[in-house]
Amino acid sequence: MFNDNEKDIDIIATYSDASGTIRTSRVKMKDLSASWVLENPINGDLNKRKGSQVLKLKDSYQASTSFEENVEHVIDDHQLQESEIQNHRQTSWSPVKFKRQVLRQKRRDLRTAELVRQDKEADKQMQATAAIEYLKNMDTVVKGKYSIWRRDFENPNSDSTLKLMRDQIIMAKVYANIAKSKNRSVLYNSLLKHVEENLRVIGEANSDVDLHPSSLDRAKAMGHTLSIAKDELYDCHTVARKLRAMLLSAEDNVGSLKKRSAFLIQLAAKTVPKPLHCLPLQLAADYFIYGYQNKKDLNKEKLEDPSLYHYAIFSDNVLATSVVVNSTVLHANEPEKHVFHIVTDKLNFAAMKMWFILNAPEKATVQVENIDDFKWLNSSYCSVLRQLESVRIKEYYFKANHPSSLSVGSDHLKYRNPKYLSMLNHLRFYLPEVYPKLSKILFLDDDIVVQKDLTPLWDVDLQEMVNGAVETCKESFHRFDKYLNFTNPKIIENFDPNACGWAFGMNIFDLKEWKKRNITAIYHRWQDMNEDRTLWKLGTLPPGLITFYNLTYPLDRKWHVLGLGYDPALNQTEIENAAVIHYNGNYKPWLDLAVAKYKSYWSKYVKFDNYYLQLCNISE
């Protein structure tokens with residue numbers, strides 16, 4: 001090392017470049033790094049050396065860097081940093097030396113990384129070579145499992161065993177088919193035997209936990225047999241053809257099962273359970289036994305008082321109607337001002353009457369009427385009754401040989417229920433005739449539950465509209481084109497296919513405006529035009545959309561939340577905040593089909609301690 005006061009030494013470096021040409025360069029001793037040393041110094045006193053001397057310099061790091069690179073770096077760094085060196089002569093470690101040290105370290109790191117990478121590639125190559133040799137020498141006949149898709153067989157926490165066995169059954173059927181076509185009877189019988197055993201082991205299992213303990217052994221045995229079949233029978237085109245045939249057959253089966261399921265759901269939804277059949281029978285029997293048929297209605301003046309809150313409920317279901325009345329009265333701020341007009345059919349009139357005699361809601365008024373007592377509602381006036389008398393309608397609904405089987409017309413199977421021509425359903429289009437002295441009335445279906453006071457609905461300004469209802473359209477759903485046949489010119493000319501649909505079930509009707517616009521005549525005209533069912537399928541909503549087209553005022557959605565009878569994924573908060581919830585669909589709350597998590601909203605308004613409910617075994 002040199003002291004700050006010592007004179008520097010000029011060094012002439014001789015080296016050969018890449019082309020072999022001998023070159024010389026002058027550098028300063030101070031510009032050399034610490035790795036350069038004097039190989040044969042005369043003595044340690046540099047001040048005593050006079051003139052020029054030939055010295056051998058040796059780089060301690062020549063193993064990793066060439067002399068040419070070091071000299072070139074020194075020259076370049078010396079030229080670039082000459083002014084900087086002058087400013088730092090007093091320091092023991094110059095920037096040039098530091099820079100060269102950093103560059104050298106970078107080269108070391110790069111070289112190390114390159115060697116590591118080459119080593120890893122060599123290991124991978126060796127592993128690949130070893131794997132190939134192992135596969136060449138492996139016995140393909142003896143296998144522990146067989147699955148063409150999955151590799152999760154070894155995972156004990158998954159349902160991989162069940163999935164594997166189902167995959168094996170599919171492939172076994174494929175190879176059994178091929179074996180049969182090639183007269184390989186032994187292999188064919190072996191595959192069928194394994195299929196039967198695996199099906200028996202699987203049973204009705206839905207996960208590995210449900211499987212029999214011997215299932216793993218059965219899967220291994222099936223895998224061994226399938227491996228033999230693959231080696232002897234496998235042909236890509238043949239297997240693909242068999243799988244395609246199986247897929248088509250499975251699709252046909254699924255379609256058939258869907259049709260059967262649709263039929264059975266409709267059957268279950270429309271069939272009256274035994275307890276609900278028992279209830280009206282017991283009530284009707286006691287109604288006549290105890291002479292309630294002679295009992296006269298009270299509070300007749302309330303029935304026609306337009307200043308009160310009037311409700312219309314048209315139903316043949318005693319239990320469902322009781323829930324509607326109970327839930328409405330319970331949440332009413334002034335129950336004494338609420339009047340319920342219930343209309344039922346002749347068959348259920350006595351039962352309905354008896355129920356509300358014995359279970360009259362506190363303070364509120366309930367009127368029960370028989371639709372057969374409305375003598376003005378006859379076939380000469382009512383389009384639906386007139387259609388019901390036609391031969392074509394009778395054939396459509398009541399003839400056993402009509403094409404309404406599972407294979408034909410199953411998509412609209414529910415529309416073949418005569419309920420859709422029931423006058424209890426269509427009576428909603430005759431409200432001014434049924435209640436001529438009322439100005440407003442709230443129509444309620446029997447499959448709804450009231451959760452808030454409904455009296456504010458009477459204060460809603462309908463803006464000269466007839467019907468106040470909650471709209472059901474969301475984006476492209478529940479618009480007019482869903483309900484009406486827009487291939488018919490009569491529909492195209494009069495209605496917008498993108499018009500928003502709305503819901504029956506909770507509707508506030510302005511009966512004065514109804515009479516003014518002669519709404520019932522509009523309904524009759526369109527109902528007559530649809531006698532051949534080419535404008536819409538049966539039901540009350542399509543003719544309602546037509547009758548009240550541009551005459552419906554949209555209510556806030558919080559008034560009426562629908563879908564509890566078919567959609568298990570409704571928003572729980574919306575349900576709980578709704579004024580009315582509607583079990584529209586097949587899964588009615590009084591049926592075993594009901595969505596379990598929605599049932600409590602309805603059942604809490606049922607008086608299960610009632611004598612008649614207990615007599616008929618109706619319980620939660």
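The protein has 23 helices and 14 strands, and the model you are looking at is a predicted one. Of its 620 residues, 43% are buried. Take the contacts between residues at least 6 apart in sequence: 71% of these join residues at least 24 apart.

We can start with a pair of helices. Find helix α4, which covers residues 160-181, and helix α5, which covers residues 185-202; their axes come within 9 Å and cross at roughly 155°. How do α4 and α5 run relative to each other? An angle over 145 degrees counts as roughly antiparallel, and therefore α4 and α5 are roughly antiparallel to each other. Their crossing is left-handed. On the α4 side, the residues making the contact include L162, M165, I169 and A172, and on the α5 side they include Y188, L191, L192 and V195. Charged residues take part as well, among them R166 and K173 of α4. Sorted by class, the contact of α4 with α5 has 14 nonpolar, two polar and three charged residues.

Next, move along the chain to strand β10, residues 467-470. As background, side chains in a regular strand alternate between the two faces of the sheet. In β10, N467 and A469 point one way, while G468 and V470 point the other way. Are these residues buried or exposed? All four of these β10 residues are buried.

Strand β10 also has partners. It is joined to strand β11 (residues 506-510) by two bridges, and these two strands run antiparallel. With strand β12 (residues 552-555), β10 pairs in the parallel sense over four bridges.

Our last stop is a tryptophan, W526, which you will find in helix α19, residues 519-529. Why does W526 count as buried? Its relative accessibility is 5%, and buried means under 20%, so W526 belongs among the buried residues. What does W526 touch, leaving aside residues up to four places away in sequence? Its contacts are K490, I491, N494, F495, L535, W536 and I546.

Definitions and conventions
Residues numbered from 1 in each chain as written. Predicted model: local features only at pLDDT ≥ 70, side-chain atom pairs only at ≥ 80, totals over all residues. Heavy atoms only, no water. Buried < 20%, exposed > 50% of the residue type's maximum accessible area, 1.4 Å probe, protein only. Contact = heavy atoms within 4.5 Å. Axes fitted to C-alpha atoms, helices over the stretch in contact; angles between N-to-C directions. Parallel < 35°, antiparallel > 145°, perpendicular 65-115°, else oblique. Left-handed = near helix turned anticlockwise from the far one by under 90°. Pairing = 2+ DSSP bridges.
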